[in-house]
Amino acid sequence: LSHVTTMKSAVLLALLVCAVLAHTVTAKTDCASATPVFPPPFFRALTFTFPLPLHGDDVTIAQNLLLRSPFVQSMSPPLNVTSQYDTITETAVRQFQIGNGLQVTGVFECYTAQKLLDLHMDDGYVDDGTILPGYLYKVHVPVFHNRSVETVATLYDSQMNILHQFIVRTHGQNDKDGDALNQFAGDGSTPTGLSSFDLNSPEPDPVSYGPYPINRAVQGLKGNAAIVISDIRDGILLHTGEWANWNPSMPMPNSHGCIHGH
């Protein structure tokens, strides 16, 4: 990633769910099969192992989402995001399973993973209409749960005056069954929340990125963006493109997590 050297050259981007047009479509899972198919980004059962606990991005995401559960928030000692499936995380999973009527094992298996995403994937991020000190610009991007619906983004200056509005698409890739990948999956929809972006990063491919310099996500600050950008998901851009057989009257193509705009 190309990091900014001063906040004066950066832009804030606020991405939030503005309405629910349809239930979120998630990739198909098959928790009952002999080899369970986990919902992305999860791909394996997580259980406490001694002396070396399991670790990874899936643990990090699970811990962050568990912290949104009221059954986990009341724990003592509290759950912390360690990226390791330690004994406290095992206890948190047990509390989540008890509170949601699941089989209580302390193992983060397929049914628990699906329930966690169903209940706590949405971050509830709401933009406060302000810009953080030191930033020159802010882009406000409302999105629907149904990411195939394009919306209008607004570019503000440092005094929150409107400079420009443009159409955006934040739909990521679909899985092999044609279902949308969620924002925690590697090629899924753009994560909601607040992020800092750098300006004018060059990309030499005008077909994919358009003839203009792109904006690149640097760091997630709030919401789901704070969980995954950019330690787990990188390469998230705001850009246009000279897409084959496309014109502005048509929906833009799906991205790999980027924000497409025109």
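Helices (H or I, at least four residues) and strands (E, at least two) are DSSP runs, numbered from the N terminus. In those terms, the protein chain holds 6 helices and 8 strands, and from the N terminus on its elements run β-α-α-α-α-β-β-β-β-α-β-α-β-β. The model is a predicted one, in which local features need pLDDT of at least 70 and side-chain atom pairs count only at pLDDT 80 or more, while totals for chains, interfaces and linings use all residues. Residues are numbered from 1 along each chain as its sequence is written, and side-chain values use heavy atoms, with hydrogens and water left out.

The overall dimensions come next. The radius of gyration is taken over C-alpha atoms, and the globule rule is 2.2 Å times the number of residues to the power 0.38. For 262 residues a compact globule would have a radius of gyration near 18 Å, and the protein chain, with 19 Å, agrees with this. Along the principal axes, the C-alpha atoms of the protein chain fill a box of roughly 55 × 40 × 35 Å.

Burial is described by relative accessible area: buried means under 20%, exposed over 50%, and partly exposed in between (1.4 Å probe, protein chains only). Of the 262 residues in the protein chain, 46% are buried. The protein chain exposes about 12,500 Å², of which carbon and sulfur atoms supply 55%; accessible areas come from the Shrake-Rupley method with a 1.4 Å probe, and for residues only the protein chains shown count as cover. Contact means heavy atoms within 4.5 Å. Among contacts between residues at least 6 apart in sequence, 59% join residues at least 24 apart.

The charged side chains comprise 13 positive and 23 negative ones, and the centres of the two sets lie 3 Å apart. Here Lys and Arg count as positive and Asp and Glu as negative, whereas His and the chain ends are not counted. The place of a charge is taken as NZ of Lys, CZ of Arg, CG of Asp or CD of Glu.

Helix α1 illustrates the interior. This helix is mostly covered, with 9 of its 10 residues buried; among them are Asp-58, Val-59, Asn-64 and Leu-66. The buried residues of α1 pack against α2 (70-73), α3 (87-99), α4 and α6 (223-228). Leu-65 is found in this helix and is buried, with a relative accessible area of 0%. Leaving aside neighbours within four places in sequence, Leu-65 is in contact with Leu-116, Leu-117, His-120, Phe-184 and Ile-227. The C-alpha atoms of Leu-65 and Leu-221, which are 156 residues apart along the chain, are separated by 16 Å.

Arg-94, in helix α3, counts as partly exposed at 33% relative accessibility. Leaving aside neighbours within four places in sequence, Arg-94 is in contact with Val-104, Thr-105 and Gly-106. Arg-94 and Val-107 are 13 residues apart in sequence and 7.8 Å apart in space, C-alpha to C-alpha.

A covalent link also ties the chain together. A disulfide is a covalent bond between the sulfur atoms of two cysteines; the criterion used is a pair of cysteine sulfur atoms within 2.5 Å. The structure holds 1 disulfide, which joins Cys-31 to Cys-110 with an S to S distance of 2.0 Å. The pair links distant parts of the chain, 79 residues apart: Cys-31 lies in the loop between β1 (10-19) and α1 (57-66), and Cys-110 in helix α4 (residues 110-120). The torsion about the S-S bond of Cys-31 and Cys-110 is about -65°, so the disulfide is left-handed. Cys-31 is buried, with a relative accessible area of 13%, and Cys-110 is likewise buried, at 2%. Cys-258 is buried too, with a relative accessible area of 7%.

Most residues other than glycine have a negative phi, and most peptide bonds are trans. The peptide bond from Pro-40 to Pro-41 is cis, with omega near 10°, and the bond from Phe-50 to Pro-51 is also cis, with omega near 10°. Met-160, in the loop between β3 (151-157) and β4 (162-169), has a positive phi near 65°. Asn-245 has a positive phi near 60°; this residue lies in the loop between β7 (237-239) and β8 (259-261) and is exposed, with a relative accessible area of 75%.
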